Amino acid sequence: MAAQLGNKPKLASPAGSGSGHNSGGTTRERPCDACRKRKVRCLLTEESATCVLCKSRSLECTFLQDPPRKRKRPEAEGSNHRLANPRNQTKIPAIPNARVPVNDYTRLSGPSLLKQTLGHQNRQFTSYIGAATEYDTQLLSRSHFDVRDEYASPLGTLRRATHQTASKQTHFIVHSDNAAEVKEEMANLDAIEAIVTPHGSALVDLYFRIVHPSFPILHKNVFLEKHGRTYRELTPLGLAAVYILALNWWSYSLELSSLPKPNVKELENLIPKILADCYHRPKISDLQGGLVLSQRPDGDSWAMTGQLVAMAQNLGIHTDCSEWRVPDWEIGVRKRVAWALFAQDKWGALIHGRPSHITDDDWDVRPLEVHDFPETAKDDDDKEGSVDVEKGRLTFVHLISLTEILANILDTFFTLKGMRNTTNVLEALEKAKPLQIRLKSWYSNLPSCLSIDETKSRKLSSTGYLHLCYFAAEITLHRAIIRYQDTDTDEDLRLITRAAARVRFVSAVEFVKRLKPEHLQSFWYFASKINLAIIGTFGSILLATSCDNEEREFYRSQLAEYRWILRISSTAAEFMKYAVGILDASAAFLAEFGTDSTPWSGSRDHVQEGAQSYENSIENSIQTGCDGNVTPSDLQDWMISVGMNQRLDSAWNFRGSD
């Protein structure tokens with residue numbers, strides 16, 4: 001028989017003890033069988049006789065198993081031998097805001113953004129019908145859709161997303177969650193909220209102040225509307241993701257900073273099962289939650305990225321939604337989520353060294369526009385430590401445009417075909433020039449407000465992650481060029497390519513030195529810790545392939561300086577410790593296997609002669625919109641200062657001074 005709260009099974013008195021009471025006159029309650037087996041706290045709410053763990057896993061909360069026997073310790077003669085008291089079961093107060101959620105938003109009274117949406121209805125999910133399935137679009141378009149563009153068919157409820165007269169019809173199948181799924185989702189939501197209660201609203205406020213402006217994939221008003229009624233209107237993955245990210249800035253809330261911080265590990269332990277559950281019936285809020293979770297310094301995984309891409313394709317996120325019959329704000333959400341997924345995939349492919357999941361042939365999402373972002377500068381939060389909305393939007397938009405360049409770099413030099421089709425440094429230079437022109441143009445066109453030196457008093461700034469991504473893209477391109485150098489490479493070309501690589505490495509190190517506390521304490525994109533490591537790896541490559549003692553000592557000094565900057569900065573940005581570890585591993589490797597001492601020489605005068613001509617050619621290419629095609633006759637002149645924003649002569653004499 002299920003035990004009621006306050007009347008749970010008591011431990012039997014040991015034989016011969018004469019009493020079931022301890023010396024203090026009370027008997028402590030013991031954990032249920034499931035919690036004892038998992039060795040976790042057995043948490044109860046005042047409104048239920050079932051503990052949080054059993055409720056979240058739809059288990060029967062039983063007390064059938066005997067408690068484990070305790071080892072008896074030797075006691076003084078004449079002392080009483082009593083069974084050790086079992087672990088106390090922690091009771092937590094009833095969760096506030098645990099009201100019954102709204103299941104049909106079309107029946108909401110008063111104004112609401114949720115009344116006519118495709119992917120944001122509660123307790124249902126949609127599946128995109130692809131062109132090659134057994135459900136042919138030509139047949140589906142002949143269905144008798146009602147005024148809501150729905151048709152109850154034997155397959156389920158069909159939903160037409162496009163206008164009836166659209167040349168390209170898009171359809172979905174709408175599924176409803178069954179009773180067991182709803183029950184499990186409610187239990188998961190309660191388990192999540194129980195961990196952070198009563199601080200849920202304060203954590204949501206932190207998230208939208210600090211994370212959301214620079215990673216705006218949620219719709220703030222939609223989230224707040226749902227959470228304001230009850231957290232049970234959200235999905236477990238979406239709710240947990242916001243809480244987990246916000247906990248990183250606990251001290252930035254006057255309301256929370258003096259209070260004990262919830263255990264984030266308890267939240268993270270719930271994620272694997274929740275993620276597995278939503279994989280088969282994903283909602284757009286699950287996709288948003290997965291992307292937010294991936295921004296944790298240790299939260300990214302290539303397998304999870306693949307799962308998110310599959311979920312997105314099931315939701316039709318990869319398709320053009322600009323003409324769909326859904327609210328404008330929902331179109332904006334889908335586009336922002338789509339491009340955030342695109343960036344997650346491409347930067348994930350870089351840092352994991354894996355093939356991208358997303359290809360151009362199956363990507364039909366239009367570029368982001370200003371009206372795709374509902375928040376403006378009027379929505380700025382004046383609280384200390386917040387991030388400017390407009391600055392955050394521009395950071396996100398420019399990350400996406402940079403990611404498109406990175407995608408081309410990866411396709412050109414780091415796919416299996418790309419590596420097979422490039423055999424020497426001249427071919428690499430020919431393919432690299434248009435990419436270098438695009439990178440330089442991207443950097444030149446950054447708004448002044450995104451300058452790394454542009455910070456405001458008592459405001460955090462996430463522009464650091466954007467600039468770091470730029471340097472990672474630059475270095476990735478130069479790594480590809482350096483890779484094709486060998487003993488047969490022309491000496492002048494080798495001198496020139498290494499000089500260009502040197503400038504990129506030194507510029508990246510100088511950038512890290514310029515980071516301020518406003519950057520270090522702000523939100524950083526998930527790829528940041530590996531991007532920092534990539535800079536260090538590039539320096540180690542240049543050190544390992546140094547050709548004389550002077551160059552070798554230069555890179556050794558620069559790497560030591562870089563490691564020091566990362567080490568002292570990691571007190572404010574812990575994710576930087578990973579790059580320090582990579583540098584230490586590289587140093588140990590180089591100490592064991594040594595460096596390349598192949599002698600070579602180059603004509604410094606020849607390098608100087610072409611510097612100005614290349615600067616002019618690059619600027620002309622950017623101004624005239626040239627596609628960057630290069631002929632063999634101008635390859636050498638081009639490479640003289642590829643990737644440089646200053647004369648090569650100055651770069652060559654550069655020794656790390658300001």
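Me: How do the residues lining the second largest pocket divide into nonpolar, polar and charged?
Reply: There are 13 nonpolar, five polar and seven charged residues in that lining. Keep in mind that this is a predicted model.

Me: OK. What's the volume of the second largest pocket?
Reply: The space in there comes to about 630 Å³.

Me: Now the largest pocket. How much space lies in that one?
Reply: About 860 Å³.

Me: How many residues line it, and which lie nearest the centre?
Reply: The lining of the largest pocket has 32 residues, and Asn248, Arg296, Pro297, Glu574 and Phe575 are the ones nearest the centre.

Me: Which elements give two or more residues there?
Reply: For the largest pocket, they are α7 (236–246), α8 (264–279) and α18 (528–544). Of the elements, α8 gives the most, with three residues.

Me: How does the lining of the largest pocket divide by residue type?
Reply: Into 16 nonpolar, nine polar and seven charged residues.

Me: Switching topic to the strands. What's the order in the four-stranded sheet?
Reply: Reading across, the order is β3-β6-β5-β4. The sheet is open and its pairing is antiparallel.

Me: Which strands sit at the edges?
Reply: β3 (124–128) and β4 (150–153), each of which pairs on one side only.

Me: What's the average twist?
Reply: From one strand to the next, the twist averages 30°.

Me: What holds strands of a sheet together in general?
Reply: They pair through backbone hydrogen bonds, and can do that either parallel or antiparallel.

Me: Back to this sheet, how many bridges join β5 to β6?
Reply: Four, between β5 (residues 156–160) and β6 (residues 171–176), with the two strands running antiparallel.

Methods
Residues are numbered from 1 along each chain as its sequence is written. This is a predicted model: local features need pLDDT of at least 70, side-chain atom pairs count only at pLDDT 80 or more; totals for chains, interfaces and linings use all residues. Side-chain values use heavy atoms; hydrogens and water are left out. Two strands pair if DSSP finds at least two bridges between them. Axes are lines fitted to C-alpha atoms, for helices over the stretch in contact, and angles run from 0 to 180 degrees between N-to-C directions. On a 1 Å grid over the protein atoms alone, a cavity is a set of points where a 1.4 Å probe fits but cannot get out, and a pocket is an open set with protein on both sides within 12 Å along at least five of seven lines; lining residues have an atom within 4 Å of a point. Grid points are joined across faces, edges and corners, and a volume is the space filled by probe spheres set on the points. Ala, Val, Leu, Ile, Met, Phe, Trp, Tyr, Cys and Pro count as nonpolar, Asp, Glu, Lys and Arg as charged, and the others, Gly among them, as polar.
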